[in-house]
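Welcome, and thanks for taking a look at this one with me. Below are a few numbered notes to read alongside the model.

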Amino acid sequence: MQKMMGSAMVRRRATVVESERNFAILLVAPALVILLVTTTFPIIYLIWNSFRSINLAMPFMNGFVGIGNYATMMHDPEFWHALELTAIYTVSTVTAQLVLGLALALLVMQIPRGQGVFRIVAILPIVLAPVVVGLFWRTLMLAPNFGLVDFAVKALGFEAVNWLGAPVPAMISVIMIHTWQWTPFVFLVMLASLASLPPDVYEAARIDRANAVQRFIHITLPLIRPAIVIVVIMRSMIALSAFAAIFAATGGGPGTATEILNLYAFRVSFVKLDFGYGSALAVALMVITLAVSSVLFMMRTQRAR
Amino acid sequence: MAMNPHKAANLRRNILLYVLSALILAIWAFPIIWAVVVSLKSEREVLTYPPRIVFDPTLQNYRDAIFGAFSIAQSFFNSFVVAASTTVLTILLSVPAAYAFARLRLPGRKSLGFYTLVTQMIPPVGLVIPYFLILNKVGWLDTYQGLIVVFLTFSLPFAIWLMVSYMEDVPKEMEEAAFLDKANRFQTLWHVILPQVRGGIAVTVIFVFLNAWNEFLFSVQLSGNHVRPVTVAMYNFVSVEQTLWAKLAAAALIAMLPMIIIGIAAQKQIVKGLTVGAVKGGGRR
Amino acid sequence: MNEKDNARTIRGAGIHRRTLLKTTAAGMALLAMPAVFTQRARAAAAAPDLSSVKNAKIDWGQAKGSSITIGVTPAGYFDNLNAVLPEFNKLTGVKARLEMTPPGQIRQKAVLDLSTKTGTWATHAADPMYYPLYVANGWIDPLDTYLQDSKLTDPAWFDFDDILKSWREAASIKGKPYGIPWDGEVTLQVYRADIYDKHGLKAPETLKEYTETAARINDPKDRLWGCAIRGFKGAGQNMYIFPSIFREFGGDWFDKSGKLTVNGPEAVAALEWYVDLLTKYAPNGVQNWNWPDIADAFAQGTIASYIDSNTSVAVVANPDKSKVVGKLAFARWPKGPAGKRCTSIWNWSFPINGALSRKDKVATWLFIQWASSKEVQAATSYGFPGGYKRLGVNRTSILKDDGFRKLVGGIGQNYIESVTASLQDDTDVDWRPRVPQWPAIGETVATAIQAALIGQAKPKSALDQAQSKLAGITKS
C-alpha cells in the first residue's frame, strides 16, 4: 500500500515536472521571442559591423577588417581619454550619490515630522527626462553671467566659475547634474532601508552606551550593506550608460573634457560617420559594463556568504 | 515659565535639522521651480541679469506651446499612445515570464536570466543604426508600432527583472495550496499569484511608462512627422536662429507634467520600485 | 530701452529713414520697427498670391499623386515655407510635407536616411559642406539634367544664375550643381553704434583694430564686454568662424602636394589671434558659447560687438527679445594680415535623394524649383503676410528689390550694404576644405580650437595634435 502510493506519486511527480516545464516555456516564450528579435539581431549586427570598415566619408575603404577596429582602439588616445572620463564619472557620481543620499537619509530619519515632503520633492528630479535636465542646467543654472548658480556664486562673494567652458569645472558640472538628478534615488532607497531596521538593536546598543558614530558603523552599516551594494550596482550601470543629460549640457565639451565613452561612440558614428569604429566602441562599452556589473555581483554574493 | 535645558537643546537641534533639510530641499526643487518661473516670463525678461523675481507673469508661453504654430499637443498624444502601448505590452509579456523565472522549473533558466541582463547593457548608441535598418525593412519607420517595439527592448528586460523580485516574495505555500485544489496552472497564476503581486505590477507600470515617456535618442532618429514624441517636439523651440527659452521651459514643463503628477501621486509605488531587491537583499541573478 | 540712449543713437546715426524711430517713448519705437522679427510662432494670416508661378512654361501637374517629405529644422524661414506650401500642393497635386528635426540632429538623420537608401526624405535642408560626402557616395542626383530638361524646368522663368553665385558654387561639385540654395546667411560684424559713438570709434577695418576696439570698450565690472565670437566645439560652430580668420591670415587648407594641412604658421597665427581676443575681451564662458548664446548676451546689452551670422538679427533686433533694438550697426569682416576679408558661405540648399522613384524625383524637383523661385522667395520674405519675414533670400534680384530694401531698412545702420558687399565680394569657395571627410575634419579641428581657447593646449601644439589625427582621417 505504502509502496504503491509512493510509485504513483513519483509518476505523478514526473508528469507534474514535465507539465510545469512546458508551462514555464509557454510563459517565457513570447517575451523571449520579442527580445530575440529586437535585441539579439541588432547585437549580432553591431558586432559584425565592429569587424568591418564602414566609413561613409571614405566609402572606397569599406570592407571586412577583422580586429582592425579594435587594434585602432588600443592606439587611440581619445578612446583611453574617454575611458578614463567614464571611470571618473562613474566612480564619482556613484560615490557622491551614495554618501549624500545616505547622509540625507540619516538626517531625515531624525526629523520628527515632514518626511513626506522630502519623499515628494525627491521624486521630482527622478521623473524628469535627462535631456530636459541637461538643457535646464546648461542655460538656466550654469551659464556664466546668466545662470542662477553663477549668480549665487558671485552673490556669495566667490570668484565666478566658468562652469561649462573650462575642462575641469565642466566635468564637475556634469557630475553635479547627474548627482542632482539621482541622489534622490539613493536617498529614497536608504530611507526605506533605515526605516525597515528593527528598533530593538538600537535599544540594545544604547544600553551598551555606544555613541552615535559607533552605532552607525557597527550596527546600521552592516544591516544596510545589502541595500548599499544593490544601489552601487544599479547606479554604476546607469552612470556607465549616461548620455542625454551630458549631451544636452555640454555635448562632450569643452574640447573632449566631458566626452565619456558613450558620447565618444556617438561622435565617431554620427559626426565622423565611421560606423565601423563606432560599433567597435559600442561593443567595448557593452563589454566593460558587463565586466563591471559581473564583478559587482560577485562581490555581492561573496559578501552575502 | 522656564524651559528645561534638555528640552531647549532638543528644540535647538530640531531647528537646525529643519533649516538644513530646508536647504537641501531647496537645492533639489530649485531647478524645477526656476523653470516654472522662467516659463512665466517674456522672452525679453528671461535672461535679464541679475535674475528678477518680481516680473509681470504671462501665460502666453503656455498658450503658444499648446495652441501655437508649434503646438506640442499632438506630440503629447503621440507620447501617450507610445508610452501606454509599450506599458501594456510590457506587462502582458513580462509578468508571465517573470513568474516562470521566479517559480517554475525552466530549462536553461540561468542562461536566460543572464541573457535578459545582458540585453539591458547594450549601449543605445550602438542600436540606432540596426533599428533604423530593421524598421525601414518592415516599413515601420515613423510609426507607433515601430517606436513601441524599440521601446520594448529596454522596458522588457527591466520589467522582467523587477517582476521576478516581486514573484519571489509570494509565499510558496499559497501556490501549493492551490495545486492541491487541482486548479490548473494558469488559474493559479491568475487567481493566486497575480493578486499577490498587484503592487509590483503597479510599480512596473509606472517605471515602464516613465522610461518610455522620457526616451529621447531613439525617438529623434526613428520618428518623424507622424509620431514625434514630446521630448523631441519641445526642441521646436530651439531653432537654428534662437532658443525661445521661456517657451521651451513651458513646453518642457507640459511635457514633464504627467511625469510629475505620476511621481507625486504614485510616490509610494515608486519608492517601492526603487527599493525592490535593495531592502530585502532581493532579486536573484 | 532708455530714451536718452535711443535719442543719441539716432543723432549719431543720422540716417534718414531712421527718423522713423525718432520717438521719445520706447514703446513707440518698438511699434515703429518693421514687423520682421515678431515671434515666429505667430503664423501667417492669409496666403500670399502666388498665381504668377503659372507663368513658368512647364507642366506643374506632371507628378500628380506623389507624396514627398522634406526634412528641415525649426527656423522662422522654414515656417514661412510651410505656410505657403499648400499653394504648391494645390498647384501640382503633389502632397509635400515639411518635417522638423532638431538642428543638432538633422545632419545625422539625413546621413542615416541617405546611407541606408530608405528615401524617407525626398529632399532636405542640406549643409553645403556635406555635398562632397553625398556625392562621393552617390546618394544624390546631379541637378544639371533637371535644369536642362525643358519638360522639367523653364530656364527663363527660373533664372538659375540669379541665385547667389557663391551659394550655387557651395552646392556644386566640380562645376555640377547638386543642390539648389534656398536660404542662407553671411557672417559680419554686428556692433552697438551707441557704444562705439560714445568712445568715438568706427567699425574696425582690420583684425588688429578689432582687438584694439574691443580692448577700448571692454569693461567687465560694468557688465560690458568688448566682443564675443563663438567658441563652442563643432564643425558648424567654432569651425564656422575660424576658417574665415585662417583665410584672412593667408592660410591654405591644402599644401602644394594637395595634403590637408592645419598647423602651418598662418593657422597658428590665426588661432593665436582668436585665443587672445576671446581670453581678454570676451565674457567668461564664451569658449562654450554658440550663436544663440552670443545673440542672447548681445540682446541683453552686455556685449559691444560680435562677428557672427546676419541671421542673428532675428534675436538682437527683435523687440520681444532684445534690449538694444535701435542701437545696432553692421560692418563687413575686418581685413586680416593677408589683406583680404573672408566671410562664411552658408545656406540651406535642397538636393534630390537618389533613392527615390522617378516620379517622386520629378515631384521633388518641382518642389525645389518652386520654392527657390523669385515668386516664392519674395512671398516668404517681404511678401509674407505673417509677422515674421525671412531675410536670407537666395537671389541677387531680391536683394536689390525695393520691397526687400524697405523690409530691412529699420534693422540698423549699414545692414543691407554690409550684407550685400559680404555676399558679393568677401566669399571664398575654398573657405573650408571641401572634401567628403569634412564632418570628421571639421570636428577634429574644432576640438583643437576649443582646447586652445580654454587654455588646455597652446595653439601650436593643439593644431599639431589635430594634424596628426587628420592623417588617420584622410588616408586614401
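How many residues of chain A are in contact with chain B, and how many of chain B with chain A?

1. A word before the answer: this is a predicted model. In it, 73 residues on the chain A side meet 70 residues on the chain B side. The biggest contributor on the chain A side is helix 1 of chain A, covering residues 2-50, which gives 17 residues, the most of any element there. By class, the chain A side that touches chain B holds 58 nonpolar residues, along with 12 polar and three charged ones.

2. Now have a look at chain B by itself. Chain B has 14 helices and zero strands.

3. Next, the overall dimensions of chain B. The radius of gyration of chain B is 24 Å, whereas a compact globule of 285 residues would come out near 19 Å. Along the principal axes, the C-alpha atoms of chain B fill a box of roughly 75 × 70 × 30 Å. Of the 285 residues in chain B, 51% are buried. Among contacts in chain B with a separation of 6 or more, 79% join residues 24 or more positions apart.

4. Back in chain A, please find helix 4 (residues 115-127) and helix 7 (residues 167-195). The axes of these two helices of chain A come within 7 Å and cross at roughly 135°.

5. Helix 4 of chain A brings A:Arg119, A:Ala122, A:Ile123, A:Pro125 and A:Ile126, and helix 7 of chain A answers with A:Trp180, A:Gln181, A:Pro184, A:Phe185, A:Phe187 and A:Leu188. Sorted by class, the contact between these helices has nine nonpolar residues, one polar and one charged.

6. Finally, chain C. Its contact with chain B takes 28 residues from chain C and 26 residues from chain B. On the chain C side, several elements each supply at least two residues, among them helix 3 (76-92), strand 2 (95-100) and helix 13 (291-299). The chain C side that touches chain B divides into 12 nonpolar, nine polar and seven charged residues.

Note on methods: Residues numbered from 1 in each chain as written. Chains lettered and ligands numbered in written order. Predicted model: local features only at pLDDT ≥ 70, side-chain atom pairs only at ≥ 80, totals over all residues. Contact = placed C-beta atoms within 7 Å. Helix = DSSP H or I, 4+ residues; strand = E, 2+ residues; numbered from the N terminus. Nonpolar A, V, L, I, M, F, W, Y, C, P; charged D, E, K, R; others polar. Rg over C-alpha atoms; globule rule 2.2 N^0.38 Å. Buried ≥ 20, exposed ≤ 12 C-beta atoms within 10 Å, placed from the backbone. Axes fitted to C-alpha atoms, helices over the stretch in contact; angles between N-to-C directions.
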